[in-house]
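This note sets out, point by point, what may be read from the model shown below. Please keep the sequence and the structure at hand while reading.

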Amino acid sequence: MVMSYVGKDNREMTSALTSAIWSGSWALSGFMVTLMFGLGYQFVNIFLITSALYAFGIFMYYILIVDYTKREEQGLIEN
């Protein structure tokens, strides 16, 4: 769906950016968890922060799906 949303000309760049963000997020999250444990955060707080970030991601995908559906109905999406 994301690749259809960005169009044929931008698929390669979108794929590269998605891969870079995915790989970078693992490194960043490992650093952040180490830092939070060092600052005395309990595991439950780290888990709740992670849950909030996942909820935000789900909300952003919801917005994408709504916009994609609207654009598809208007005939603006190329497959």
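**Note on the predicted model**

1. *Overall form.* The protein chain has a radius of gyration of 17 Å, whereas a compact globule of 79 residues would have one near 12 Å. The radius is taken over C-alpha atoms, and the globule rule is 2.2 Å times the number of residues to the power 0.38. Along its principal axes, the C-alpha trace spans about 55 × 25 × 10 Å.

2. *Basis of the values.* This is a predicted model, in which local features need pLDDT of at least 70 and side-chain atom pairs count only at pLDDT 80 or more, while totals for chains, interfaces and linings use all residues. Residues are numbered from 1 along each chain as its sequence is written, and side-chain values use heavy atoms, with hydrogens and water left out.

3. *Secondary structure.* The protein chain contains three helices and zero strands, and its elements run α-α-α from the N terminus on. Helices (H or I, at least four residues) and strands (E, at least two) are DSSP runs, numbered from the N terminus.

4. Buried means under 20% relative accessible area, exposed means over 50%, and partly exposed lies in between (1.4 Å probe, protein chains only). Among contacts with a separation of 6 or more, 55% are accounted for by residues 24 or more positions apart; a contact means heavy atoms within 4.5 Å.

5. *Surface.* The protein chain exposes about 6,600 Å², and carbon and sulfur atoms supply 68% of this area. Accessible areas come from the Shrake-Rupley method with a 1.4 Å probe; for residues, only the protein chains shown count as cover.

6. *Nonpolar patch.* A nonpolar patch on the surface is formed by Leu-28, Phe-31, Met-32, Leu-35, Leu-39, Tyr-41, Ile-49 and Leu-53, with about 790 Å² of accessible area together. Patches are made of residues with over 30% relative accessible area and no salt bridge; like charges are joined within 9 Å, and nonpolar side chains (Val, Leu, Ile, Met, Phe, Trp, Tyr) within 5 Å. Helix H2 (11-38) and helix H3 (43-74) each supply at least two residues of the patch, and H2 gives the most, with four.

7. *Leu-35.* Leu-35, one of the patch residues, is placed in helix H2. Leu-35 counts as partly exposed because its relative accessibility is 38%. The C-alpha atoms of Leu-35 and Ile-65 are separated by 35 Å, the two residues being 30 residues apart along the chain.

8. *Aromatic pair.* How many aromatic pairs does the structure hold? It holds one. Trp-22 and Trp-26 form this pair, which is edge-to-face, with 5.8 Å centre to centre and 85° between the planes. Rings of Phe, Tyr and Trp (its six-membered ring) pair if their centres lie within 6.5 Å; planes under 30 degrees apart count as stacked, over 60 as edge-to-face and the rest as tilted. Both residues lie in helix H2, four residues apart, about one turn of the helix, and both are exposed.

9. *Salt bridges.* A search of the whole structure finds two salt bridges, each defined as a side-chain nitrogen of Lys or Arg within 4 Å of a carboxyl oxygen of Asp or Glu. Asp-67 meets Lys-70 at 4.0 Å, N to O, and Asp-67 also bridges to Arg-71, with the closest N and O atoms 3.2 Å apart.
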